[in-house]
Amino acid sequence: MRIFRRKTVATKFGIEAENKQFLLGQIAVRQVAQVDSVTSLADVEFSVFSQWGEDGILEWLISKLGCIPPTFIEFGVEDYRESNTRFLLKNRNWRGLVLDGSEEMVATITNDSISWRHDLTAVAAFITRSNIEDLIASAGFGGEIGVLSIDIDGNDYWVWDAIKNVTPHIVVVEYNSNFGDMVPLTIPYRDDFVRTLAHFSNLYYGASYKALEMLGKSKGYVLLGSNRTGSNLFFVREDRAGEIIDTIGETKAFPCHVREARDKQGNLTLLGGLGRTELIASCEVVNVLTGHTGALSGFGPLFSDGWKRAFGVGV
């Protein structure tokens, strides 16, 4: 079915640009599908609509695993122009649910042609651990799904922990490299947590990769690694892990070099390395293994020698 719409010049050029991106992505898909094994997931990265190479990693995992339900759920998508599942939706024509806290952003998604060209449901809601399952069920999703992608810049650990009514084959979840790689830490749960209000630096949010690795294991998932930028972890369900784990050399999480810290006036400072962690040293975190809550600075060494060397610190 063809729906005719009057297009502005800007919209037409935007569609043409997206079509070119998509075509290049389809070429990249064929290339990564031929890769039998990798030293890390970073080897198969490419971005069409994702921010840091997640499109390529997901396509490679799906091509290697096969027999995955053609459905996904992603939350924290803003206007869905940059996301982990937009390419998956367009390239594989999966059915999907996306959620974001902004009604304006969700209105943008529903007015985008992608919402009628594909089976995409967009819901505006501020996600908490008490409402996430109702949001999923109300949208008509449940049971086994192909991919779950979590990026809400805050209660990511707690929300993933709360989700029981879907069992994804693959999970993508954002981690906070500034919490280090040695201790399982997360922010304490707060229904009203907003990253931009929690600390002026914009660096206080989410959970360490160790905390998410532990949570994944408790939920029956195996960590496959992260993207090279050090922002997203990739997990596979335990019963599928044997099909792919031996094809990945190192299932490690990379440290993040993104310099997004702000000063008290909201200006970008370009602060990097361990200085970012020092900036939020007084912020409260929870050790999910012990249950102890306290300032980030009070949890001993946070960084392995490997991560320290990556930040240019002598060990």
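pLDDT is the predictor's confidence in each residue, on a scale from 0 to 100. In this predicted model, the chain has a mean pLDDT of 93, and 96% of its residues reach 70 or more. Residues 1-13 stay under 50, and the model has 4 contacts for them beyond four places in sequence. Where pLDDT is low, the predicted coordinates should not be read in detail.

**Nonpolar cores**

The largest nonpolar core has 55 residues; those touching the most other members are Ile 73, Phe 75, Leu 148, Trp 160, Leu 212, Leu 233 and Phe 235. Helix α7 (residues 156-162) supplies the largest share of this core, 5 residues. A second, separate core of 39 residues includes Trp 94, Ile 109, Phe 234 and Val 236. Beyond its neighbours within four places in sequence, Ile 73 is in contact with residues including Leu 97, Ile 136, Phe 141 and Val 166.

**Salt bridges**

The whole structure holds 16 salt bridges. Three of these pairs are listed below.

| Pair | N to O distance |
|---|---|
| Arg 92 and Glu 59 | 3.0 Å |
| Arg 190 and Asp 192 | 3.1 Å |
| Asp 239 and Arg 237 | 2.7 Å |

Arg 92 in helix α3 (residues 86-92) and Glu 59 in helix α2 (residues 54-65) lie 33 residues apart, so this pair links distant parts of the chain. Glu 59 is buried at 2% relative accessibility, whereas Arg 92 is partly exposed at 31%. In the pair of Asp 239 and Arg 237, Asp 239 counts as exposed at 52% and Arg 237 as buried at 12%. A network of salt bridges links Glu 18, Arg 81, Arg 86, Lys 90 and Asp 112.

Technical notes. Residues numbered from 1 in each chain as written. Predicted model: local features only at pLDDT ≥ 70, side-chain atom pairs only at ≥ 80, totals over all residues. Heavy atoms only, no water. Contact = heavy atoms within 4.5 Å. Core = buried A, V, L, I, M, F, W, Y, C linked by side-chain atoms within 4.5 Å. Buried < 20%, exposed > 50% of the residue type's maximum accessible area, 1.4 Å probe, protein only. Helix = DSSP H or I, 4+ residues; strand = E, 2+ residues; numbered from the N terminus. Salt bridge = Lys/Arg side-chain N within 4 Å of Asp/Glu carboxyl O.
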